[in-house]
Amino acid sequence: MAGAGDTLVKKGDAADSVAAFSLTEPPAGFVDDPFPVYRALRENAPVKPIGDNAWLLSRHADLERIYKDTTLFSSDKKVEFAPKFGDGYLFEHHTTSLVFNDPPLHTRVRRILAGALNPRAVSALEPDVIALVDRLLDAMEQEGGTVDLIEDFAAAIPIEVIGNLLDVPRDERGPLRDWSLAILGALEPALTETQFRRGEEAVRDFLAYLETLVARRRARPGDPDRDMLTRLIAGERDGGKLSEAELLHNCVFILNAGHETTTNLIGNALELFDRFEDERARLIADPALIAPAIEEVLRYESPNQLGNRRTTAPVEIGGVAMPEGSGLTLCIGAANRDPAAFDDPERFDIARKPNRHLAFASGPHQCTGMAVARLEGRIAIARFLARFPRYRLRGAPTRSQRIRFRGFTAIPASLEG
């Protein structure tokens with residue numbers, strides 16, 4: 001798909017364009033189509049300086065190495081987030097949750113979550129996810145005309161699934177999506193005052209709500225095999241109990257991560273299957289391809305485009321010497337189209353094999369909830385295409401104007417082509 005990124009790279013020498021590139025002030029059109037820029041980065045500056053002791057990395061092999069070494073490459077964000085967030089709610093949240101921490105906190109929380117999301121537990125979710133997807137499809141069919149594939153479908157699925165995992169009462173789920181968008185929006189490379197204020201308010205309000213929910217659950221525990229909140233409250237028998245702050249902030253993290261990634265996965269898939277009609281026909285003709293098709297969506301349009309690490313000792317990456325404390329921005333979207341890792345990486349191929357994409361990271365920090373996201377994606381797309389094989393987008397979808405998270409805020413579509 002051509003976009004403004006092509007224009008950026010074609011203006012004169014690609015190396016000059018890459019040298020001027022900045023995540024905080026990206027060129028026009030970058031949000032719509034960053035992939036030509038990513039390609040230029042890999043070819044001309046795969047280890048690009050972006051500030052004092054800070055680099056942007058775009059090669060698959062470099063990212064895979066960093067993800068697997070939690071000793072040399074730290075996920076702790078206190079140094080990075082202090083000047084960005086001050087000492088308010090956003091700082092407290094993003095330095096307490098699972099994803100931005102190293103052991104021992106990361107180990108304790110991940111063990112509890114992994115226990116709650118074991119293969120048997122994830123498989124048990126399938127009947128409820130099927131029923132939910134079918135209800136949403138029924139509602140869209142009854143609505144007729146133009147529907148919004150984000151509001152009416154993609155965004156509705158993960159909120160319900162994660163809400164069910166934590167047993168959040170259905171009539172209390174209304175604010176969850178807006179809170180999630182505001183909190184994750186504050187992770188963008190460039191943060192406006194409005195984004196900061198909304199993020200602070202969202203964390204504050206989310207924590208206040210969770211305090212009441214946790215108090216109710218302590219008084220009336222649920223089944224720990226089905227209720228993740230009850231399991232988080234109880235902790236593990238070997239001393240893996242969470243503090244109150246750790247408990248609350250990791251509930252926020254679970255709801256945010258489960259919502260954002262899966263909404264983008266489903267929305268991106270539906271946009272891609274409108275764009276690549278041959279691959280849509282291929283999947284409809286052979287529904288058994290749904291699992292590799294979801295993996296290819298994750299690779300081709302990764303819901304999460306960026307990650308971050310900090311070096312804990314001097315290190316060399318790609319021939320570049322970096323001191324201890326260097327900030328590394330990991331460009332997942334670029335790595336997932338690296339020709340050194342994928343044959344013909346710009347081609348969308350739903351039967352691609354192997355497909356060692358990094359959409360869920362890798363190593364000890366690989367996404368704990370990836371099995372749930374994959375389950376939701378497979379059921380949502382398979383049942384949508386079975387019901388509406390001739391759907392068509394109505395006009396251009398509205399892309400979320402964010403760099404770290406890649407998805408849409410609205411996809412108007414007709415269910416009958």
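I worked on a 1 Å grid over the protein atoms alone, where a cavity is a set of points at which a 1.4 Å probe fits but cannot get out. A pocket is instead an open set with protein on both sides within 12 Å along at least five of seven lines, and lining residues have an atom within 4 Å of a point. Grid points are joined across faces, edges and corners, and a volume is the space filled by probe spheres set on the points.

I noted that the model is predicted, with local features needing pLDDT of at least 70, side-chain atom pairs counting only at pLDDT 80 or more, and totals for chains, interfaces and linings using all residues. Residues are numbered from 1 along each chain as its sequence is written, and side-chain values use heavy atoms, with hydrogens and water left out.

**Entry 1. Cavities**

I looked up how many cavities of 30 Å³ or more are present, and the count is two. The second largest cavity holds about 60 Å³ of space. I recorded its lining as Phe-30, Val-31, Pro-34, Tyr-38, Gln-305, Arg-399, Ser-400, Arg-402, Ile-403, Phe-405 and Arg-406. For residue classes I count Ala, Val, Leu, Ile, Met, Phe, Trp, Tyr, Cys and Pro as nonpolar, Asp, Glu, Lys and Arg as charged, and the others, Gly among them, as polar. By these classes the lining of the second largest cavity has six nonpolar, two polar and three charged residues.

The largest cavity has a volume of about 820 Å³. It is lined by 43 residues, of which Val-99, Phe-253, Ala-257, Thr-261 and Cys-367 are the closest to its centre. I took helices (H or I, at least four residues) and strands (E, at least two) as DSSP runs, numbered from the N terminus. Two or more lining residues of the largest cavity come from each of α6 (89-94), α7 (105-116), α10, α14, β5 and α18. Which element gives the most to this lining? I found that α14 does, with eight residues. The classes for the largest cavity are 23 nonpolar, 15 polar and five charged.

I found about 550 Å³ of space in the largest pocket. Its lining comprises 25 residues, and Ile-50, Ala-54, Glu-80, Asn-308 and Thr-329 are the closest to the centre. At least two lining residues are supplied by each of β1 (47-51), α5 (78-85), β5 (306-311) and β8 (327-331). This lining divides into ten nonpolar, seven polar and eight charged residues.

The second largest pocket contains about 370 Å³. Of its 19 lining residues, Leu-125, Asn-164, Leu-165, Arg-226 and Asp-227 are the closest to the centre. The elements giving two or more residues here are α8 (119-143) and α10 (156-165). The largest share, seven residues, comes from α8. I counted eleven nonpolar, one polar and seven charged residues in this lining.

**Entry 2. Packing of α14**

I fitted axes as lines to C-alpha atoms, for helices over the stretch in contact, with angles from 0 to 180 degrees between N-to-C directions. Helix α14 (residues 244-275) packs against helix α18 (residues 370-387) at an angle of about 35 degrees, and the axes are 9 Å apart. With contact taken as heavy atoms within 4.5 Å, α14 contributes Thr-262, Leu-265, Ile-266, Ala-269, Leu-270 and Phe-273, while α18 contributes Ala-373, Glu-376, Gly-377, Ala-380, Ile-381 and Phe-384. I classed this contact as nine nonpolar, two polar and one charged residues.

How do α14 and helix α15 (residues 277-285) cross? Their axes come within 5 Å and cross at roughly 105 degrees. The pair is therefore roughly perpendicular, a class that covers 65 to 115 degrees. Phe-273, Asp-274 and Arg-275 of α14 meet Glu-277, Glu-279, Arg-280 and Leu-283 of α15. This contact has two nonpolar, no polar and five charged residues.

**Entry 3. Backbone**

I noted a cis peptide bond from Pro-103 to Pro-104, with omega near 10 degrees. Pro-104 lies in the loop between α6 and α7. Another cis peptide bond joins Lys-353 and Pro-354, with omega about 0 degrees, and Pro-354 lies in the loop between α17 (332-335) and α18. Asp-344 also lies in the loop between α17 and α18. Although Asp-344 is not a glycine, its phi is positive, at about 45 degrees.

Key. Angles under 35 degrees count as roughly parallel, over 145 as roughly antiparallel, 65 to 115 as roughly perpendicular and the rest as oblique.
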